[in-house]
Amino acid sequence: MSQAQLAQKLASKLAKDSIDPTTITRLERGSRPITVVELVALAEIFGLPTESLIPKTRIVEQHL
């Protein structure tokens, strides 16, 4: 799936007119924080459990 296609699917899930594909680039690189709503929407798009998209770090594991 291209970044443009993913941006379209994410926009649809979030009921937005559009999302710029560069937003996907920034999310992938970690240069833009992701919102909880975006995380849940992306998990749904990819058919994954939400927690599988959360990196395993000591701080995250302490809160789960």
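Helix axes here are lines fitted to C-alpha atoms over the stretch in contact, and angles between them run from 0 to 180 degrees between N-to-C directions. In this predicted model, the axes of α1 (residues 3–13) and α3 cross at roughly 115 degrees and come within 10 Å.

**Packing of α1 and α3**
- The crossing of α1 past α3 is right-handed.
- On the α1 side, the contacts involve L6, K9, L10 and K13.
- Their counterparts in α3 are E38, A41, L42, E44, I45 and F46.

**Buried residues of α2 and α3**
- Helix α2 spans residues 21–29, and its buried residues are T23, I24, T25 and L27.
- These buried residues of α2 pack against both α1 and α3.
- In α3, the buried residues are E38, L39, A41, L42, A43 and I45.
- The cover over the buried residues of α3 includes α1 and α2.

**Glycines after the helices**
- G30 follows α2 and has a positive phi, near 80 degrees.
- G47 follows α3, and its phi is also positive, near 65 degrees.

**Nonpolar surface patch**
- M1, F46, L48 and L53 make up a nonpolar patch on the surface, and their accessible area together is about 370 Å².
- L48, one of the patch residues, lies in the loop between α3 (36–46) and α4 (58–63).
- L48 counts as partly exposed because its relative accessibility is 39%, and the partly exposed class lies between under 20% for buried and over 50% for exposed.
- F46 belongs to this patch and is also among the α3 residues that meet α1.

How values were computed
Residues are numbered from 1 along each chain as its sequence is written. This is a predicted model: local features need pLDDT of at least 70, side-chain atom pairs count only at pLDDT 80 or more; totals for chains, interfaces and linings use all residues. Side-chain values use heavy atoms; hydrogens and water are left out. Patches are made of residues with over 30% relative accessible area and no salt bridge: like charges are joined within 9 Å, nonpolar side chains (Val, Leu, Ile, Met, Phe, Trp, Tyr) within 5 Å. Accessible areas come from the Shrake-Rupley method with a 1.4 Å probe; for residues, only the protein chains shown count as cover. A salt bridge is a side-chain nitrogen of Lys or Arg within 4 Å of a carboxyl oxygen of Asp or Glu. Helices (H or I, at least four residues) and strands (E, at least two) are DSSP runs, numbered from the N terminus. Buried means under 20% relative accessible area, exposed over 50%, partly exposed in between (1.4 Å probe, protein chains only). A crossing is left-handed if the near helix is turned anticlockwise from the far one by less than a right angle, and right-handed if clockwise. Contact means heavy atoms within 4.5 Å.
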